[in-house]
Structure formats: C-alpha cells, structure tokens
There are 2 protein chains.
Amino acid sequence: MPTIRDVAKACNVSTATVSYVINGKNTLLPETRERVLRKIREMNYHPSAVARGLSNKRMNTFGILFDNVGSEIAIWHPYTSGILQGVVAASAEVGCNVTIFTELWRNAEISLPKLRDQRTDGIIIVAPPSDTDILPSLLSAGSKVVTISSESVSFGMPSVDVDNAFGIKLAVRHLREMGHREIAFIGGQINMFSGAMRLSAFQAALDSWSLSLLPEHLVLSSYEDSSASYSDAKRLLSLPNPPAAVVAGNDQIAFSVLAAARDLGIAIPAQLSVIGFDDIADAATTQHALTTIKQPLREIGAAATRLLAQVISGDCPPAECLLVEPTLVVRATTGSPR
Amino acid sequence: MPTIRDVAKACNVSTATVSYVINGKNTLLPETRERVLRKIREMNYHPSAVARGLSNKRMNTFGILFDNVGSEIAIWHPYTSGILQGVVAASAEVGCNVTIFTELWRNAEISLPKLRDQRTDGIIIVAPPSDTDILPSLLSAGSKVVTISSESVSFGMPSVDVDNAFGIKLAVRHLREMGHREIAFIGGQINMFSGAMRLSAFQAALDSWSLSLLPEHLVLSSYEDSSASYSDAKRLLSLPNPPAAVVAGNDQIAFSVLAAARDLGIAIPAQLSVIGFDDIADAATTQHALTTIKQPLREIGAAATRLLAQVISGDCPPAECLLVEPTLVVRATTGSPR
DNA sequence: TAGTATCACTTAACCGGATAATCGCAGTCA
DNA sequence: TGACTGCGATTATCCGGTTAAGTGATACTA
C-alpha cells in the first residue's frame, strides 16, 4: 500500500503537492498535476480515509442504530429494513456510507463509546424506547443525532416519524365509513412512543366520531412477539361480545388477529374487519391481502438522512419532528359489518 | 470533545500514560490508573476510533458490498437482508461494526477507492456477477476480501456459498419421489454464477434419475424482475405440452410461476407442482405456502464474517469455497401428478 | 532599478492516539 | 561505594494525510 509520501517521492514533489492534486487545488502547473496523477494511477495509490478523517474530521459515514441486533427483529424486521434502505439510498446520494450499530439501548456503558468515537459523522437512531438514557448522553456530548421517532422532540433533537395520529384517524374513518360502530384496538408496547401515540390517537378518533369503546376491546400486546399477539387476539375474539372491527397497532399484530380469526372460524371480512399499520412487504401478498395504513418507510429513512446531513453541515437544525403522512391502503380484510 | 492530551494535562501525566491506562498496560501504579480513569469518566472522554485506527491499522469494522443499491432489490431483497443479518450478528460477536457499501459493480473507478481506503478491515462481497473486475483488483491490491459466491474460488479468494448442486438435487429428488417424470426448470440469469450452477445441477440431477428434458421446458428468466419471470412462466405453462412440475431458480421466480398458474386457472399442486430455492421469509406465508430449498442465509453471512476475521488476523485463508448445505422444506405447492 | 505581485511549490505544524526507547529513582548486591 | 535491576513514568517518533504560512523565482509596476 503506497502512501502519499511514496507518491511524492516518486514524483519529486512534496506531499503537499500530491495532496493538492488529489483535492483539486488549482494553482498547480497542469503539467505537474498530470505527472502526479499519472504516478498515482501507476502506483495504484488510494488515500486513506482514516488519515483523511483524522485531519479534516469528516468520515463521510453515517451511523444507524437499532435495538436488539441479537434477536430476529432488528435488521430482518421489515420496518427496520425499509428504513435502512431509505437511509442507505439517501446517504449514497451525498457520497456517504452507512455503518450499522447494534448495541442494546440499556448498555450505555458499551454503546456510547462506539457511538461517540468519531467513526461516523452523525447517527440516525431508529425508534428508541422511551426509557433509554442514550439520547440525552449523546446530545450533551455534542454528537450529531437525528432520531426516527416523534418522541425525541422532548430532547430537542431533530426527528422524523410517520404521523401516527393521522394514520390511526384514517383507519378509524375507513371503518366508520364502512358502517362499523364498535371498533376494537390491539396495540403494541405502551412504553414505545408509537405504542402510546397510536393508542391515544385511537381514542381521540373514536371520540371525534362519538363512538364508544368497551374496555375489553382495548388490548395492549406486542409489536414483535407474534405468539403473544396471537393469544391476545384469540382472547379478544373469543369474548362473549367480540368486536366486528379491529384496528391493529401494526401489521404483524394484524396478521396475528387474522390467524386467530382463521383458527376460530371467523370469516374475513364478512364477520371481522382488520386493519393494520405499516404496510410491510408481506401485507399485500399474504392469504388475506391486508388493509393497512401504509408507512412510507424509505421516505422516512431518506428524510432522516437529509436532516442529519443538515445537522452535520451546521445548518441550524429544526428541533422538531418532521411528520410524514401515511396513506390508507384498502385491500381485502375490511368490509361492512353484517 | 476532550482529547487524550486534555486528559493527560488534567492528570499531570503524559499522554502515553493515559494511553496505557486505556489499553490496559499493567506496569502502572494502581493509584495512577485509578486517578486517570476517574478523570476520563469525569471529562467524558472517549478515544477517537479514527486516530486509533490510523496508528494501529484496525478499525474494527467490516464492509459489505451489494450490487445495485439504487434499485429495490439490494437491501430490501430478502436474500441480501438475510445475509446482512448474519454478517451483523457475527460481527457484533467479535466487536466489529458493519459498513454498507453500495456502488455498482461496473463503476470500479468509483468503487475501488472507497473499498480500499482502509475505512474497513476487510470486505464481504455478496454475489458478485461473473463479469465484474472489482474482485481481481481488490485482490491484487492486498485487500482482505471474502465473497459469498462459489465462483470466486477462481480468484483464489475464500468464499462461502450454499451448495447449489445439492439443493437442486434435493428438489429434483423430491419431485421424482412424488412421481414426477417431466420436470421443467425456470432459472435466473445465466451470467450469475448461481444461475449457471443451478441450471447445470438441474441437468445433472435429471441425468442421475435418467429423466429427459424437453428443450422448451428449460427457461432462463430473471431472479429479480418479477414481471419478466411472470411472463416467462406464463409462456411455459401455456405450452401445448405444459410441465406438471417446475423447479424455479429462486423463490421469487416460483412466486411468479404460482401467479401465472393462478391466472391460467391451473390448480396447485393438483395440476402443477412448484418448488423454489432460498426460502425467503414470504415463502411460508403466501397464499400457497411454497415448497422450497431453504438456504441458511444467516449462517452463510455469519460464516463469511468468521472467514473474513480469519483472513484479517492473518490465519492462512483457505482459498476454497465453504459450502453450506440447504434443506428441503416441503409445504403446499408440491404433490403427486394426477 | 528597486519594489511589488503573482505563481508554483515546499516547509512545518497539526489531527489524536500508540508504542518503542529512554530515563530517573529506589533497592540489591558484591 | 559503584554497578546492576526493576519499576513507573516520560520522551520522541510514527501512523497518513491536510493546510496555513513561507519561499524563491519570475513578471510586472512606477
């Protein structure tokens, strides 16, 4: 591996000259530039990004942090995967790479050094749980951070998220317009902001339509744990007064509801309407094509990336949450009640 | 951001001492060590990975390179996603991060510098096409490279891949054992090694069972382009003598075959058996649960990562392809012919 | 003709750490 | 007392680049 000094020696110039050639300083004699460029190619020289990063404090790399890499849910999860795709695509546009970080939220001791060691120019944090202490630590340390979560506004960091309230409103309106009056909700973890948000949005939406809610029609389940949501759904559908319409906290939960309905012999959508949230890739192709609220994951990832680029370049960051509007995708799991 | 010099000054010691404290040199007075550690915590100091990387030439970061980030197929593709998950998990085990690289294969001019600038300690290249010139370039430059592709053996670089031949053999045997004698094949791009490999394995498998193949029952289609494979499948199934069993080059193609069969009113599996390759996540949950050859993607990614770690650490790399055995997963798309 | 720009490049300091070599200072031993 | 050892810390150099400041030569100016 030749260094810049090797190239300089071979050209009989100083390393500064080589550096200027590489970085396009235009006060050089064209002939010199050519000579150096030729040597560079000839020697197969490539400047070290690390050394370069050390001096100009730019690695042209963004970090992205998920929870729980160990488990199945992190990268494989369609939500994460969609976001990641948007982040990578938008990063490529500005010539940056993306590094994946994977510590657990709770391990601030382990995670923080990695996140703060300048290996990346900034970090996108995906859906941090409410109770992590990483966010304030990073912020106080001056790290460039953007989150994908509406909650982070409280820390004064820029963020992007889907407009959960709007999405839930779309869902409820859709069911209402199909004639439903008794709508149940089976949501994800309440300690995740989206969990809390979608729940409260659901109640607000019911209120705005003057619909009432039976307490037993409100279930808090899990976004990822399919077996948990399956049994929760089964319990809900086995009630003496089962709902005829269910808004699920996300598609995965919706799938569990559908599975429970199938196993209980409940016809979809004749006896039960189900609507999800996210529109993960499976949603269109599974047995019952799922009606859902489509979350534009790639756009969200891309928006977060652009926001991060702004923060890094010093443009005063808007410390508010950029809300991206979801859309209603009507497929085969919703219909009018009998 | 405090530097090591700031810490040293605050402790009235030299930077060397601080460095030794950080890196656990044991010839230090316990009292000194404590004092420095306390200051480090107090000042919220984190050593720069970049500076560190510059001196000890280790970034604790692996790179992973896919084709075509711009298009839908790269990260989102279940194959890539599965590999990535394995790579990230195995990297985390050895304390490394993963950086995603995304240039196109053809742009060696642009890609090479990024891949060779020491930002990563080594690179995992996923399914390079046969005609890229990046591999030999990297190799001749002394980069640490591992590929996921059986083809790369020709360049003398270590690699990992699924045992394509074995998988195809499993598929054909399964169909044969169900009583099929006329088996068609609709494969992916022939310029991808797996495309060529699965094709020749298919022919070999037929031979070993002394089965013959109608020329029109051999179709070369596309791994990713669903509309192309859909029309190719439709053409195949519309032949005067349509096959009663099809081995598809991958699951995506198999889905296209299923879609074409549905649109042509062909019953699955009564009139047509379909078997895929990969076992992507969708395979189990789509309308007809797909019988397929399951590729252990995460294990492959993890194996590649471990191989790369070996190469980096200097353990003489086995310049041969590590084959991981796939398994047959029987679901609902195969059955005996009428 | 001396003074001043301009040009084309070099010098030298710096980025933030790692580490081999060195050094001062007990304590040991002959 | 002088030589030798070990310990604990320091000094100095290096990693591979970037870049502000400086330099020597030529060209221009008054």
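**Figure 1. Domains of chain A in the predicted model.** The domain assignment divides chain A of this predicted model into domain 1 (4–47), domain 2 (61–162 + 298–324) and domain 3 (164–295). Between the C-alpha centres of domain 1 of chain A and domain 3 of chain A, the distance is 64 Å.

**Figure 2. Protein surroundings of DNA strand D.** In the model, 27 residues surround DNA strand D. The closest are Ile4(A), Arg5(A) and Ser19(A) from chain A, together with Thr17(B) and Thr32(B) from chain B. By residue type, this surface comprises 13 nonpolar, eleven polar and three charged residues. Several helices each supply at least two of its residues: in chain A these are α1 (4–11), α2 (15–23) and α4 (49–56), and in chain B they are α2 (15–23) and α4 (49–56).

Figure 3. Which parts of DNA strand D lie within 4 Å of the protein? Of the DNA atoms within this limit, 61% belong to sugar or phosphate, and the rest belong to bases. Ser48(A) approaches a phosphate oxygen through a backbone N or O atom, at 3.4 Å. For Tyr45(A), an N or O atom of the side chain lies 3.0 Å from a sugar or linking oxygen of DNA strand D.

**Figure 4. The six-stranded sheet of chain A.** Strands of a sheet pair through backbone hydrogen bonds, in either a parallel or an antiparallel manner. In chain A, six strands form an open sheet with mixed pairing, in the order β7-β6-β8-β9-β10-β12. Because β7 (218–220) and β12 (327–329) of chain A stand at the edges and each has a single partner strand, one side of each is left without a neighbour in the sheet. On average, neighbouring strands of this sheet are turned by 20 degrees against each other, direction ignored.

Figure 5. Strands β8 (residues 245–248) and β9 (residues 273–278) of chain A pair in the parallel sense over three bridges. Within this pair, Val246(A) has Val274(A) of β9(A) as its bridge partner. Helix α9 (residues 193–208) of chain A packs on the sheet and touches β6 (183–187), β7, β8 and β9 of chain A. The direction of α9 makes about 170 degrees with that of β6(A). Helix α10 (residues 226–237) of chain A also packs on the sheet, touching β6, β7 and β8 of chain A, and its direction makes about 160 degrees with that of β6(A).

Definitions and conventions:
Residues are numbered from 1 along each chain as its sequence is written. Chains are lettered from A and ligands numbered from 1 in the order in which they are written. This is a predicted model: local features need pLDDT of at least 70, side-chain atom pairs count only at pLDDT 80 or more; totals for chains, interfaces and linings use all residues. Side-chain values use heavy atoms; hydrogens and water are left out. A residue is near a molecule or strand if one of its heavy atoms lies within 4 Å of it. A polar contact is a pair of N or O atoms within 3.5 Å; within protein, one must be able to donate a hydrogen and the other to accept it, and residues adjacent in sequence count only if both atoms are side-chain atoms. Helices (H or I, at least four residues) and strands (E, at least two) are DSSP runs, numbered from the N terminus. Ala, Val, Leu, Ile, Met, Phe, Trp, Tyr, Cys and Pro count as nonpolar, Asp, Glu, Lys and Arg as charged, and the others, Gly among them, as polar. Two strands pair if DSSP finds at least two bridges between them. Axes are lines fitted to C-alpha atoms, for helices over the stretch in contact, and angles run from 0 to 180 degrees between N-to-C directions. Contact means heavy atoms within 4.5 Å. Domain bounds come from an automatic or database domain assignment.
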